[in-house]
Amino acid sequence: MFHVKPLFLFLLFIPFLVKAQHMGSTTLEVKDLPALPVEDVRVGEFVSRFSSLNSTQREWFYWTNYSRTNPRQFWDSVVEPILKVYPNFRNSYTASLKKDLYSAPSLPFVKPNDNLAHTAQSLAGSLASKHALPSHTSPSGETFENRMKSISVKRCAGENISFGPPNTVLMLVLLYIDEGVPDLGHRKTLLNSSFVEMGIGVGTYPKDKYMVVQDFACTQD
């Protein structure tokens, strides 16, 4: 069973201190996804330590950390079953993703950072309030570089933006696939071993869509 409801997905990535925005997009039908793997106790216990996270933020922290600490298992238990539902996703991008996840080591957990959460939510909220398309620049003109400098992040940071249906796992998998983004910026951000902190911002849109902003940073000296 699936709902024939085409959605256009936007995915954006920007590396720190680089002006260019990298955008990918895809159109998909909203289908019933396969059952998710049972909770990884170690990841679940880590995320549960942070009581300030809301339910959506908690999901993003859980699945981001699940994918980083169990990259091969993430492919086998999450990505591969989704590709069976969406066989049209199978292409050179998914082939390279399997190779990358199978060869990636277990990466450190990313933990919540209140300052990153504030900047991520500020961007997501301001874009959603205007029903604006994804952008690393806010409607008021504030850039990613401006936002990072305002919270004293001086080096080693990145930002992913996804826009589409409110399904954390599907959106995360599409960020990893990174179709149409030649430099695979979203995937590289998610698999960056230097990133150990993250903030999640969420903006809601009409017609059951949402925007998620992930701001990442390494430890600042």
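Two cavities of 30 Å³ or more are present in the structure, which is a predicted model. The second largest cavity was computed to have a volume of about 40 Å³. Its lining is formed by Leu33, Pro34, Ala35 and Leu36, together with Ser77, Val78, Pro81, Ile82 and Val169. Helix α3, spanning residues 71–85, makes the greatest contribution to the lining of the second largest cavity, supplying four residues. In composition, the lining of this cavity comprises eight nonpolar residues and one polar residue, while charged residues are absent. Ser77 is the polar member of the lining.

A further site examined in the predicted model is that of Arg147, a residue of helix α6, which extends over residues 144–150. The relative accessibility of Arg147 is 2%; because buried residues are those under 20% relative accessible area, Arg147 is classed as buried. Beyond its neighbours within four places in sequence, Arg147 is in contact with Thr119, Leu123, His136, Ser138, Glu142 and Glu159. For one of these residues, His136, the backbone oxygen is found 3.0 Å from a polar atom of the Arg147 side chain.

Technical notes: Residues numbered from 1 in each chain as written. Predicted model: local features only at pLDDT ≥ 70, side-chain atom pairs only at ≥ 80, totals over all residues. Heavy atoms only, no water. 1 Å grid on protein atoms, 1.4 Å probe; cavity = no way out; pocket = protein on both sides within 12 Å on 5 of 7 lines; lining within 4 Å. Points joined across faces, edges and corners; volume = space filled by probe spheres on them. Helix = DSSP H or I, 4+ residues; strand = E, 2+ residues; numbered from the N terminus. Buried < 20%, exposed > 50% of the residue type's maximum accessible area, 1.4 Å probe, protein only. Contact = heavy atoms within 4.5 Å. Polar contact = N/O pair within 3.5 Å; in protein donor to acceptor, adjacent residues only side chain to side chain.
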